Amino acid sequence: IVQGRIFNIVSQRTRTGTVLKLQVNFAPETITLAKEVRNLKWLGFRVPLSIVNMANQANQLYPHAISLMDSIHTYELACQKIDDHSIIRPLVAALKREAQEHIKDGCALGWESYKLEGYVAKFSDFVFSFQEKVDEVLSYSEKIEVLIGAIETCEYKTQTFRDILDQIQKLIDDLNLRSYSNLIRWVAKLDEQVEAKLIQRLSLAILSWMECLLGVSSEQEGVDTSMDTTTALPTQQHKLGGTPELEVIHLELHITNQIMVLRPPVEVARCRLVAQLHQWINTVTGLPRIQSSRYTVGLHDLSSTEATYRSLLG
(Lines give C-alpha, C1' and ligand atoms only; values in the text may rest on other atoms or scores of the structure.)
Protein backbone atom coordinates (compact mmCIF):
# COMPACT_ATOMS: atom_id res chain seq x y z
CA ILE A 1 0.00 0.00 0.00
CA VAL A 2 1.16 3.55 -0.76
CA GLN A 3 1.58 5.43 2.48
CA GLY A 4 3.95 7.70 4.38
CA ARG A 5 5.59 10.89 3.22
CA ILE A 6 5.71 11.73 -0.47
CA PHE A 7 9.47 12.42 -0.35
CA ASN A 8 12.38 10.37 0.96
CA ILE A 9 15.96 11.43 1.61
CA VAL A 10 18.38 8.66 0.66
CA SER A 11 22.18 8.51 0.69
CA GLN A 12 24.10 7.61 -2.44
CA ARG A 13 27.77 6.89 -2.91
CA THR A 14 29.56 8.93 -5.57
CA ARG A 15 33.16 9.43 -6.64
CA THR A 16 33.41 12.39 -4.30
CA GLY A 17 31.80 10.62 -1.36
CA THR A 18 28.34 10.04 0.03
CA VAL A 19 25.63 12.54 -0.91
CA LEU A 20 22.01 12.92 0.11
CA LYS A 21 19.45 12.68 -2.66
CA LEU A 22 15.77 13.55 -2.75
CA GLN A 23 13.46 10.83 -4.06
CA VAL A 24 9.73 10.34 -4.45
CA ASN A 25 8.46 7.72 -2.02
CA PHE A 26 6.65 5.64 -4.63
CA ALA A 27 8.01 2.15 -5.28
CA PRO A 28 8.08 0.87 -8.90
CA GLU A 29 6.57 -2.39 -7.62
CA THR A 30 3.36 -0.51 -6.91
CA ILE A 31 2.91 0.21 -10.61
CA THR A 32 3.67 -3.40 -11.44
CA LEU A 33 1.01 -4.49 -8.98
CA ALA A 34 -1.63 -2.27 -10.57
CA LYS A 35 -0.79 -3.57 -14.06
CA GLU A 36 -0.87 -7.22 -12.95
CA VAL A 37 -4.24 -6.79 -11.22
CA ARG A 38 -5.67 -5.25 -14.37
CA ASN A 39 -4.34 -8.10 -16.49
CA LEU A 40 -5.65 -10.77 -14.13
CA LYS A 41 -9.12 -9.24 -14.09
CA TRP A 42 -9.09 -9.02 -17.87
CA LEU A 43 -8.24 -12.77 -18.00
CA GLY A 44 -11.20 -13.53 -15.73
CA PHE A 45 -9.34 -14.35 -12.52
CA ARG A 46 -10.72 -13.29 -9.18
CA VAL A 47 -8.40 -10.98 -7.27
CA PRO A 48 -8.72 -10.48 -3.50
CA LEU A 49 -10.48 -7.25 -2.61
CA SER A 50 -7.58 -5.98 -0.49
CA ILE A 51 -5.23 -6.28 -3.46
CA VAL A 52 -7.75 -4.63 -5.76
CA ASN A 53 -8.00 -1.71 -3.33
CA MET A 54 -4.21 -1.37 -3.29
CA ALA A 55 -4.16 -1.36 -7.10
CA ASN A 56 -6.91 1.26 -7.25
CA GLN A 57 -4.97 3.49 -4.83
CA ALA A 58 -1.83 3.09 -6.93
CA ASN A 59 -3.73 4.08 -10.07
CA GLN A 60 -5.08 7.18 -8.34
CA LEU A 61 -1.67 8.29 -7.04
CA TYR A 62 0.38 7.28 -10.07
CA PRO A 63 -0.09 10.58 -12.00
CA HIS A 64 0.92 12.58 -8.94
CA ALA A 65 3.98 10.39 -8.36
CA ILE A 66 5.13 10.70 -11.98
CA SER A 67 4.66 14.47 -11.88
CA LEU A 68 6.72 14.70 -8.69
CA MET A 69 9.46 12.53 -10.18
CA ASP A 70 9.63 14.72 -13.29
CA SER A 71 9.71 17.86 -11.16
CA ILE A 72 12.55 16.54 -8.99
CA HIS A 73 14.51 15.49 -12.09
CA THR A 74 14.01 18.92 -13.67
CA TYR A 75 15.07 20.64 -10.45
CA GLU A 76 18.24 18.55 -10.26
CA LEU A 77 19.13 19.33 -13.88
CA ALA A 78 18.68 23.06 -13.24
CA CYS A 79 20.85 22.84 -10.11
CA GLN A 80 23.52 20.99 -12.10
CA LYS A 81 23.60 23.84 -14.64
CA ILE A 82 24.07 26.30 -11.79
CA ASP A 83 26.94 24.23 -10.39
CA ASP A 84 28.55 23.96 -13.84
CA HIS A 85 28.26 27.74 -14.39
CA SER A 86 28.86 29.20 -10.95
CA ILE A 87 28.90 32.74 -12.35
CA ILE A 88 25.07 32.71 -12.51
CA ARG A 89 24.63 31.38 -8.96
CA PRO A 90 24.01 34.79 -7.32
CA LEU A 91 21.33 35.70 -9.88
CA VAL A 92 19.23 32.59 -9.27
CA ALA A 93 19.97 32.22 -5.55
CA ALA A 94 16.55 33.55 -4.52
CA LEU A 95 14.78 31.27 -7.00
CA LYS A 96 16.68 28.24 -5.79
CA ARG A 97 15.89 29.11 -2.19
CA GLU A 98 12.20 29.37 -3.10
CA ALA A 99 12.37 25.96 -4.80
CA GLN A 100 13.88 24.52 -1.63
CA GLU A 101 11.01 26.00 0.36
CA HIS A 102 8.56 24.20 -1.92
CA ILE A 103 10.45 20.95 -1.34
CA LYS A 104 10.40 21.61 2.39
CA ASP A 105 6.62 21.99 2.27
CA GLY A 106 6.34 18.74 0.36
CA CYS A 107 8.40 16.86 2.93
CA ALA A 108 5.61 17.46 5.44
CA LEU A 109 2.92 15.97 3.18
CA GLY A 110 1.77 12.37 3.01
CA TRP A 111 0.05 10.47 0.21
CA GLU A 112 -3.25 10.68 2.10
CA SER A 113 -3.13 14.49 2.45
CA TYR A 114 -5.98 16.45 0.89
CA LYS A 115 -3.37 19.06 -0.14
CA LEU A 116 -1.48 16.61 -2.34
CA GLU A 117 -3.13 17.43 -5.67
CA GLY A 118 -2.74 21.20 -5.24
CA TYR A 119 0.87 20.86 -4.08
CA VAL A 120 1.85 18.65 -7.01
CA ALA A 121 0.47 21.14 -9.54
CA LYS A 122 2.03 24.13 -7.78
CA PHE A 123 5.42 22.45 -7.41
CA SER A 124 5.44 21.37 -11.05
CA ASP A 125 4.66 24.89 -12.28
CA PHE A 126 7.35 26.46 -10.13
CA VAL A 127 10.08 23.98 -11.09
CA PHE A 128 9.29 24.47 -14.77
CA SER A 129 9.56 28.25 -14.29
CA PHE A 130 12.79 27.77 -12.31
CA GLN A 131 14.33 25.78 -15.14
CA GLU A 132 13.32 28.41 -17.70
CA LYS A 133 14.83 31.22 -15.66
CA VAL A 134 18.09 29.31 -15.14
CA ASP A 135 18.36 28.76 -18.90
CA GLU A 136 17.52 32.41 -19.52
CA VAL A 137 20.16 33.71 -17.11
CA LEU A 138 22.72 31.31 -18.55
CA SER A 139 21.99 32.62 -22.05
CA TYR A 140 22.39 36.23 -20.91
CA SER A 141 25.62 35.39 -19.09
CA GLU A 142 27.13 33.70 -22.14
CA LYS A 143 26.28 36.67 -24.37
CA ILE A 144 27.84 39.09 -21.90
CA GLU A 145 30.95 36.92 -21.63
CA VAL A 146 31.40 37.03 -25.41
CA LEU A 147 31.00 40.82 -25.45
CA ILE A 148 33.52 41.31 -22.64
CA GLY A 149 35.96 39.16 -24.60
CA ALA A 150 35.41 41.40 -27.64
CA ILE A 151 36.74 44.40 -25.67
CA GLU A 152 40.16 42.77 -25.72
CA THR A 153 40.53 42.69 -29.50
CA CYS A 154 38.18 45.30 -30.98
CA GLU A 155 39.34 48.48 -32.70
CA TYR A 156 40.64 51.24 -30.45
CA LYS A 157 37.79 53.63 -31.21
CA THR A 158 35.33 55.29 -28.88
CA GLN A 159 32.28 54.23 -30.86
CA THR A 160 33.43 50.63 -31.07
CA PHE A 161 33.89 50.42 -27.32
CA ARG A 162 30.57 52.19 -26.76
CA ASP A 163 28.72 49.76 -29.01
CA ILE A 164 30.03 46.80 -27.03
CA LEU A 165 29.28 48.38 -23.64
CA ASP A 166 25.80 49.41 -24.82
CA GLN A 167 25.05 45.81 -25.73
CA ILE A 168 26.26 44.66 -22.32
CA GLN A 169 24.21 47.35 -20.59
CA LYS A 170 21.04 46.38 -22.47
CA LEU A 171 21.45 42.77 -21.35
CA ILE A 172 21.95 43.93 -17.76
CA ASP A 173 18.85 46.13 -18.03
CA ASP A 174 16.84 43.11 -19.15
CA LEU A 175 18.07 41.15 -16.13
CA ASN A 176 17.17 44.08 -13.90
CA LEU A 177 13.63 44.24 -15.29
CA ARG A 178 13.24 40.52 -14.57
CA SER A 179 14.17 41.16 -10.90
CA TYR A 180 16.93 38.58 -10.50
CA SER A 181 18.62 38.50 -7.11
CA ASN A 182 22.02 39.95 -6.20
CA LEU A 183 22.24 41.85 -9.48
CA ILE A 184 24.25 44.72 -7.96
CA ARG A 185 26.97 42.39 -6.72
CA TRP A 186 26.93 40.39 -9.96
CA VAL A 187 27.31 43.50 -12.12
CA ALA A 188 30.14 44.72 -9.88
CA LYS A 189 32.02 41.51 -10.73
CA LEU A 190 31.36 42.08 -14.41
CA ASP A 191 32.61 45.63 -14.11
CA GLU A 192 35.89 44.34 -12.67
CA GLN A 193 36.31 42.13 -15.74
CA VAL A 194 35.56 45.06 -18.05
CA GLU A 195 38.06 47.22 -16.17
CA ALA A 196 40.77 44.57 -16.53
CA LYS A 197 40.22 44.44 -20.31
CA LEU A 198 40.15 48.24 -20.63
CA ILE A 199 43.34 48.63 -18.59
CA GLN A 200 45.13 46.34 -21.03
CA ARG A 201 43.87 48.37 -23.98
CA LEU A 202 44.72 51.66 -22.29
CA SER A 203 48.29 50.54 -21.59
CA LEU A 204 48.76 49.58 -25.23
CA ALA A 205 47.15 52.83 -26.36
CA ILE A 206 49.58 54.93 -24.32
CA LEU A 207 52.47 52.88 -25.71
CA SER A 208 51.23 53.52 -29.26
CA TRP A 209 50.93 57.23 -28.55
CA MET A 210 54.49 57.39 -27.18
CA GLU A 211 55.81 55.50 -30.21
CA CYS A 212 54.01 57.92 -32.50
CA LEU A 213 55.42 60.89 -30.58
CA LEU A 214 58.96 59.55 -30.73
CA GLY A 215 58.62 58.39 -34.33
CA VAL A 216 59.56 54.79 -33.65
CA SER A 217 58.00 51.75 -35.31
CA SER A 218 55.44 49.84 -33.34
CA GLU A 219 56.05 46.26 -32.28
CA GLN A 220 52.40 45.61 -31.47
CA GLU A 221 50.85 42.84 -33.46
CA GLY A 222 47.81 43.56 -35.53
CA VAL A 223 44.64 41.59 -34.93
CA ASP A 224 42.82 40.13 -37.89
CA THR A 225 39.10 40.09 -37.18
CA SER A 226 38.10 38.72 -40.57
CA MET A 227 37.08 35.42 -38.96
CA ASP A 228 35.74 36.95 -35.74
CA THR A 229 32.03 36.13 -35.50
CA THR A 230 31.51 37.22 -31.92
CA THR A 231 30.71 40.82 -32.79
CA ALA A 232 29.40 42.76 -35.73
CA LEU A 233 32.47 44.98 -35.90
CA PRO A 234 34.06 45.95 -39.25
CA THR A 235 36.46 43.41 -40.71
CA GLN A 236 39.98 44.76 -40.79
CA GLN A 237 43.42 44.39 -39.30
CA HIS A 238 44.31 46.82 -36.55
CA LYS A 239 46.72 47.43 -33.69
CA LEU A 240 45.41 46.80 -30.19
CA GLY A 241 46.86 50.12 -29.08
CA GLY A 242 45.30 52.01 -31.97
CA THR A 243 46.94 54.30 -34.50
CA PRO A 244 47.12 57.82 -33.09
CA GLU A 245 47.52 60.83 -35.34
CA LEU A 246 49.26 63.67 -33.53
CA GLU A 247 48.75 67.27 -34.48
CA VAL A 248 52.05 68.81 -35.51
CA ILE A 249 53.02 71.67 -33.24
CA HIS A 250 55.26 74.15 -35.07
CA LEU A 251 57.75 76.05 -32.91
CA GLU A 252 59.22 79.24 -34.28
CA LEU A 253 62.34 80.91 -32.96
CA HIS A 254 62.28 84.69 -33.21
CA ILE A 255 65.18 87.07 -32.52
CA THR A 256 64.19 90.57 -31.57
CA ASN A 257 66.65 93.10 -30.23
CA GLN A 258 69.13 90.30 -29.71
CA ILE A 259 66.55 88.42 -27.60
CA MET A 260 65.55 84.92 -28.67
CA VAL A 261 61.86 84.15 -28.24
CA LEU A 262 60.18 80.78 -28.84
CA ARG A 263 56.66 80.90 -30.16
CA PRO A 264 54.53 79.32 -28.91
CA PRO A 265 56.30 79.00 -25.55
CA VAL A 266 57.42 75.56 -24.43
CA GLU A 267 54.74 75.54 -21.73
CA VAL A 268 51.98 76.16 -24.28
CA ALA A 269 53.35 73.50 -26.63
CA ARG A 270 53.57 71.05 -23.75
CA CYS A 271 49.94 71.77 -22.75
CA ARG A 272 48.75 71.21 -26.32
CA LEU A 273 50.67 67.94 -26.46
CA VAL A 274 49.29 66.73 -23.13
CA ALA A 275 45.78 67.69 -24.29
CA GLN A 276 46.22 65.39 -27.28
CA LEU A 277 47.32 62.60 -24.95
CA HIS A 278 44.26 63.13 -22.75
CA GLN A 279 42.02 63.04 -25.78
CA TRP A 280 43.63 59.78 -26.87
CA ILE A 281 43.23 58.01 -23.53
CA ASN A 282 39.74 59.46 -23.13
CA THR A 283 38.74 56.92 -25.78
CA VAL A 284 38.73 54.46 -22.87
CA THR A 285 38.44 56.56 -19.74
CA GLY A 286 35.42 58.49 -21.02
CA LEU A 287 33.34 55.37 -21.65
CA PRO A 288 30.13 55.02 -19.62
CA ARG A 289 30.48 52.49 -16.82
CA ILE A 290 28.05 49.56 -16.80
CA GLN A 291 25.43 49.87 -14.06
CA SER A 292 23.10 47.42 -12.39
CA SER A 293 20.17 49.86 -12.16
CA ARG A 294 20.56 52.43 -14.88
CA TYR A 295 16.91 53.46 -14.74
CA THR A 296 17.01 54.33 -11.03
CA VAL A 297 20.34 56.11 -11.07
CA GLY A 298 18.57 59.46 -11.00
CA LEU A 299 17.81 58.90 -7.35
CA HIS A 300 21.41 59.79 -6.57
CA ASP A 301 23.82 61.69 -8.76
CA LEU A 302 26.98 59.88 -9.82
CA SER A 303 30.25 61.73 -10.17
CA SER A 304 32.00 61.70 -13.53
CA THR A 305 34.54 59.24 -12.11
CA GLU A 306 31.85 56.86 -10.90
CA ALA A 307 29.83 57.11 -14.12
CA THR A 308 32.84 56.51 -16.38
CA TYR A 309 36.14 54.63 -16.34
CA ARG A 310 38.29 57.63 -15.42
CA SER A 311 39.38 55.80 -12.29
CA LEU A 312 41.53 53.56 -14.51
CA LEU A 313 44.16 56.30 -14.44
CA GLY A 314 44.59 55.73 -10.71
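## Cysteines

Search the whole structure for disulfides and you come back with 0. Keep in mind that this is a predicted model.

C107 has 33% relative accessibility, so it counts as partly exposed. C271 sits at 55%, and therefore counts as exposed.

## The main core

The largest nonpolar core takes in 64 residues, and F7, L68, W111, F130, I168, L198 and I290 have the most contacts inside it. Quite a few elements give two or more residues to this core: strand 2 (17-24) plus helix 2 (49-84), helix 3 (93-107), helix 4 (116-151), helix 5 (158-177), helix 6 (183-214) and helix 7 (266-285). Helix 4 supplies the largest share, with 16 residues.

Which residues does I168 touch, once neighbours within four places in sequence are left aside? They are I144, L147, I148, I151 and I290.

## The hairpin

On to the strands. Strand 1 and strand 2 make a hairpin, with 2 residues between them. Strand 1 covers residues 7-14 and runs antiparallel to strand 2, with 8 bridges joining the pair. To pick out one of these pairings, R13 has T18 in strand 2 as its bridge partner.

Definitions and conventions:
Residues numbered from 1 in each chain as written. Predicted model: local features only at pLDDT ≥ 70, side-chain atom pairs only at ≥ 80, totals over all residues. Heavy atoms only, no water. Core = buried A, V, L, I, M, F, W, Y, C linked by side-chain atoms within 4.5 Å. Buried < 20%, exposed > 50% of the residue type's maximum accessible area, 1.4 Å probe, protein only. Helix = DSSP H or I, 4+ residues; strand = E, 2+ residues; numbered from the N terminus. Contact = heavy atoms within 4.5 Å. Disulfide = S-S within 2.5 Å. Pairing = 2+ DSSP bridges.
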